[in-house]
4 protein chains.
Amino acid sequence: MDSRRAESFSDGVFAVAITILVFNLLPIASDTAGLPHTAELTWRHLGHYWPAYVAYLVSFLTIGIMWLNHHTMLAQVSRVDRPVLVLNLILLMGIVALPFPTALVAAHLAGGPAAYGQAKVAAATYGLVMIVISVSFGCTWLYVAGHSHQLGGSSVIRPRALHTVRFTAGNIGYVAATVIALVSPVTSLVIYALLAVYYLFEHLPPPQPAEHE
Amino acid sequence: MDSRRAESFSDGVFAVAITILVFNLLPIASDTAGLPHTAELTWRHLGHYWPAYVAYLVSFLTIGIMWLNHHTMLAQVSRVDRPVLVLNLILLMGIVALPFPTALVAAHLAGGPAAYGQAKVAAATYGLVMIVISVSFGCTWLYVAGHSHQLGGSSVIRPRALHTVRFTAGNIGYVAATVIALVSPVTSLVIYALLAVYYLFEHLPPPQPAEHE
Amino acid sequence: MDSRRAESFSDGVFAVAITILVFNLLPIASDTAGLPHTAELTWRHLGHYWPAYVAYLVSFLTIGIMWLNHHTMLAQVSRVDRPVLVLNLILLMGIVALPFPTALVAAHLAGGPAAYGQAKVAAATYGLVMIVISVSFGCTWLYVAGHSHQLGGSSVIRPRALHTVRFTAGNIGYVAATVIALVSPVTSLVIYALLAVYYLFEHLPPPQPAEHE
Amino acid sequence: MDSRRAESFSDGVFAVAITILVFNLLPIASDTAGLPHTAELTWRHLGHYWPAYVAYLVSFLTIGIMWLNHHTMLAQVSRVDRPVLVLNLILLMGIVALPFPTALVAAHLAGGPAAYGQAKVAAATYGLVMIVISVSFGCTWLYVAGHSHQLGGSSVIRPRALHTVRFTAGNIGYVAATVIALVSPVTSLVIYALLAVYYLFEHLPPPQPAEHE
């Protein structure tokens, strides 16, 4: 299959998944509306929902930067075969699921000391979904890099070892953050954000002209 | 009409429909949030919603693999006419509706022995929607294969009889699973998952160069 | 602006709007779930929500066929200017709003004799949104047909008078159905469905080669 | 990265975000449905929700016209680099968030004199999100215009000073409207609508052939 169609479908899924994140904010509007006599909307009230905004920010950056790297990955080949498509489908399954742990974090991080145990479960669930995403991304990348010729890659993917190590290193970060979530949920959320920014800079190698080898 | 535009629109609908499946998970986050004093989020609590995760997985695979085969089908022709578009619209109507029986299964499969009758209705409804999808896919395929020349197919769709039989054989699987749902809802869900995987391997013939005939 | 980008954006909006229609079905799943001891899901229960299924069907056909004709319209030109884009934006505003009256019809048509007055308001609101869609579609078509040369139309849009009359005739149908909705909501819903099917057959003229003139 | 893919992803996000605005209308349908004996749907009832319709209209126009200008901006270059992509991601983060303040305005503007303080918070929040969108759009534009050659701009972006001043002038409008929101929420909503229309006419310069310089 032409890799352009796989990209086009993936782009659509990424675009919808990233937009769906706003649905974690919409209940804030209707919660505060409620019945006329209980309706309250003050800045303090809006500020009370800070975990929802933070979770929105972190997940938006994560999905957005994941999209950047996803594009860079598929741009290196001109065809995709069934294994790539299946790995890609598992990756998308994780991306699409991300609004769920985002909602868990948004709903449970601001619960105060009494809800501290819940915040841990929420933040750890977020980490588990990120591990699924990160591992399936790594597998797709390893497969694409290893079958570059077969997939009609117009470029040679050379510095494979180094980039693969660095790239999949992020996986360890997500495992660590998930464990940390069981101790300090807020710290793990900071790590998730830092990992997204890390992937912004430590991205996949750009396609290189074959004649340079 | 150029088949690319029909693909592009279908891709968009597939992408949105597959992403909408996460909406069956979001209520888990807000249900468990509830009011501060009743809020509870433990691993046991999250595990309680296993049918929602299983239903998400099965429907995600079903729509994703359906997209793969949908693309393979339309890649064989360069034009589409009104009958193809109408058949395609009916197919998409089924795809878009799939989150509904998915939600039914998610909500009713974990209800315990008392809710066993409900689980049967939910799983059977899932099967009915899958039959609509499967039959309309089969009809679209039969029409496209039979009008290949007229639709500017650059390739000859040769081993029609065999592939058509195998492909539409899945329909019988969905009818059987729907009947089984009335006895054992969980078994039917397993069959739905297996049928999705079956379609991953037993797909449509790849376009063949015309000169090989 | 290249008309392809306007088509691409419109396609996206059509695809999302048509998929959002399933959100009118999702509450059926969670309503029937409710608390464990009140949960009930029987075939009779599901059948109770027939207006939701009918409304889904009618709106899906309407948006789907509207997309077909929207494509045929834009395929006749290669460029779009600001007036086309603004008219197109108003058209999309109506398309995106359609799930709202669809939800009104779904919620109020099955209310029994006591809710008959509500069904009238719901069905008439549906008609009002359809009039906005139909009129803005007609205006866009008149503008595109009248500025064909200026918009780089590779084809001559010849039998303008006849087609324009027939096409905009649908508008009168929607006005009539809206008035009828105030007497018999179900009848108006049937007319909405028939109008969608009418537009399937009585579509815009296909692009004609310029040399035939 | 080819600017077409960035456009394609952005188009998807714009299309979903603009369609999501209808979710602020859907609760009107289910609120009015309620339980059978309390269900009420009259024209007066529907009219009661006028801020929801006005907010839908203003946000739809804002996102739609923002899309037009976003396209004009990216059409001037053929490549995008990481800074453009990151700025674009921040812009999209604002666009996707817009349905949230839209929901706040929809829920709190019609609350009557008692809810006047709430309407101010809602309208000011709307303004704050618009400032984020407007500033990030301005920054993206300044970067694209300043790196036109580097980004493979086939055209020269000449009258930069004037257009940049005029274009970013809108930012001041949004800041002013946000301050006014704290006094008169309805007035600020009118200004938001006028600013959207302003951007329709006072758009970015069209790409100019390089030889005209």
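**View 1. The contact between chain A and chain D.** In this predicted model, 26 residues of chain A are in contact with 28 residues of chain D, two residues being in contact if their C-beta atoms, placed from the backbone, lie within 7 Å. On the side of chain A that touches chain D, the elements giving two or more residues are helix H1 (3-20), helix H2 (26-33), helix H3 (43-47) and helix H4 (50-74) of chain A, where helices (H or I, at least four residues) are DSSP runs numbered from the N terminus. H1(A) provides the largest share of that side, with seven residues. The residues of this side divide into 18 nonpolar, six polar and two charged; Ala, Val, Leu, Ile, Met, Phe, Trp, Tyr, Cys and Pro count as nonpolar, Asp, Glu, Lys and Arg as charged, and the others, Gly among them, as polar. Residues are numbered from 1 along each chain as its sequence is written, and chains are lettered from A in the order in which they are written.

View 2. Two copies of a chain are related by a rotation about an axis and a shift along it.

**View 3. The packing of helices H1 and H5 in chain B.** Helix H1 (residues 3-20) of chain B and helix H5 (residues 82-97) of chain B pack at an angle of about 10°, and their axes are 10 Å apart; axes are lines fitted to C-alpha atoms, for helices over the stretch in contact, and angles run from 0 to 180 degrees between N-to-C directions. The residues of this contact divide into eight nonpolar, two polar and no charged.

**View 4. The surroundings of B:Tyr192.** B:Tyr192 lies in helix H9 (residues 185-201) of chain B. Leaving aside neighbours within four places in sequence, B:Tyr192 is in contact with B:Val58, B:Thr62, B:Tyr126, B:Met130 and B:Ala177.

How values were computed
This is a predicted model: local features need pLDDT of at least 70, side-chain atom pairs count only at pLDDT 80 or more; totals for chains, interfaces and linings use all residues.
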